[in-house]
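Here are some notes to read alongside the model on your screen. Take the points one at a time, and find each residue as you go.

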Amino acid sequence: METAVTGTTESTAAAADLDGYVHGYSEREARRLGDQADTLAELLHHGTAYPPGSRVLEVGCGVGAQTVRLAESSPGARIVAVDTSEESLAQARARVEAHRPGAPRAEVEWHRADLFDLPFADAEFDHVFVCFVLEHLRDPERALAGLRRLLRPGGTLTVIEGDHGSAFFHPASAYAHAAIDCQVRLQSAAGGDALIGRRLQPLLSGAGYDGVEVRPRTVYADRTRPSLVDGFTRNTFTAMIESVREEAMAAGLSTPADWDRGIADLHRTAADGGTFHYTFFKAHAVNGASGANGANGANRVEGANAAGPSAV
Ligand SMILES: C[S@@+](CC[C@H](N)C(=O)[O-])C[C@H]1O[C@@H](n2cnc3c(N)ncnc32)[C@H](O)[C@@H]1O
């Protein structure tokens, strides 16, 4: 199917207060999100494919780094991608249009809207996909409950989040951990939670989903995996920590000398002899409003047959 990227529509409620969004909307951040998605595509998207004809909502699509993967892995699906940032949506649309022109992929519609106030009817979607968004929200459980309303009974939710507490590396460095902690504290001060991965199961259950399954997806990089060292350790994780330097200084969370030492030590984990570990968490859940139990056509967390038990 040819991609049909329709016009962006705008919800009146799209003016959400995202001043505190810790990563910002710079060109550098757009590149980082692209690097992250490209490097981790197989790790994060393995097991996620939506059947032809299904209607999929992606909230917080950003610059479309994950939308490209969804469109590619579910060529017959119809994807509705939402974000509050008009600029990110424009980049997302361009990214999807430019990706492997001519290859089969899903139709994508773009909407500027706040996920807490989406302009869609109850039960309008078969599947919802959320990646690296809940970590920025003050009330992720309320967001999840609201998204459940948009799922048909038996429809599924897929959530992917990281957890900065899972970062460990060699050579060990208290300075590097302190720099990471600055990012965690800044995100927390902005109302988010950079350690949210470990909370996904209780969050999804609390939001009323059934059949909640959460599984770790681990990245481990050393010199034998140079593309992960570059794509993840350097260009995704270290770049993300580096980007909050000014905010960390302004908040008095670090000194220039300590910060620079921490960042230099993170870079050492990407050099010869260095190693880096990080864990993402991928959750799958069902809107069991009708008592359905997940036999809805979407793959499970580990890509097991949707009609059978999850391979966990
Ligand atoms: C870290 S980016 C992740 C983008 C994309 N999902 C990815 O994985 O590359 C988070 C995105 O969520 C969006 N976002 C944050 N709060 C939102 C809200 N209330 N409604 C819609 N989008 C939101 C931001 O604008 C940003 O584009």
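This is a predicted model: local features need pLDDT of at least 70, side-chain atom pairs count only at pLDDT 80 or more; totals for chains, interfaces and linings use all residues.

1. Beyond its neighbours within four places in sequence, Leu204 is in contact with Leu144, Tyr209, Val212, Ala283 and Ala285.

2. Now step back to the whole chain. The protein chain has 9 helices and 9 strands. Buried residues make up 46% of its 312 residues. Among contacts with a separation of 6 or more, 80% join residues 24 or more positions apart.

3. Next, please look around the ligand. Which residues of its shell come nearest? They are Gly60, Gly62, Ala65, Leu115 and Cys131, out of 24 residues around the ligand. Sorted by class, the shell has 14 nonpolar, 8 polar and 2 charged residues. Helix H1 (27–45) and strand E3 (78–83) each supply at least two residues of this shell.

4. H1 has another partner to show you. Helix H7, residues 226–242, packs with H1 at an angle of about 145 degrees, and the two axes are 9 Å apart. Is the crossing of H1 and H7 left-handed or right-handed? It is left-handed. On the H1 side, the residues that meet H7 are Arg32, Asp35, Gln36, Asp38, Thr39 and Leu40. On the H7 side you will find Ser227, Leu228, Gly231, Phe232, Asn235, Thr236, Ala239 and Met240. By class, this contact has 5 nonpolar, 6 polar and 3 charged residues.

5. Phe232 sits in helix H7. Is Phe232 buried or exposed? Phe232 counts as buried because it has 24 C-beta neighbours inside 10 Å, and 20 or more is the cut-off. Leaving aside neighbours within four places in sequence, Phe232 is in contact with Thr39, Leu40, Val219, Ala221 and Phe237. The C-alpha atoms of Phe232 and Asp38 are separated by 9.6 Å, although the two residues are 194 residues apart along the chain.

6. Arg100, in the loop between helix H3 (86–98) and strand E4 (107–112), has a phi near 40 degrees, which is a positive value in a residue other than glycine. Phe132 also has a positive phi, near 60 degrees, and it too is a residue other than glycine. Phe132 lies in the loop between strand E5 (125–131) and helix H4 (140–150).

7. How do the surroundings of these two residues look? Arg100 is exposed, with 12 other C-beta atoms within 10 Å. Phe132 is buried, with 21 C-beta neighbours inside 10 Å.

8. Where does Pro171 lie? Pro171 is in the loop between strand E7 (168–170) and helix H5 (174–189). The peptide bond from His170 to Pro171 is cis, with omega near 0 degrees.

Terms used. Residues are numbered from 1 along each chain as its sequence is written. A residue is near a molecule or strand if its C-beta atom, placed from the backbone, lies within 6 Å of it. Helices (H or I, at least four residues) and strands (E, at least two) are DSSP runs, numbered from the N terminus. Ala, Val, Leu, Ile, Met, Phe, Trp, Tyr, Cys and Pro count as nonpolar, Asp, Glu, Lys and Arg as charged, and the others, Gly among them, as polar. Axes are lines fitted to C-alpha atoms, for helices over the stretch in contact, and angles run from 0 to 180 degrees between N-to-C directions. A crossing is left-handed if the near helix is turned anticlockwise from the far one by less than a right angle, and right-handed if clockwise. Two residues are in contact if their C-beta atoms, placed from the backbone, lie within 7 Å.
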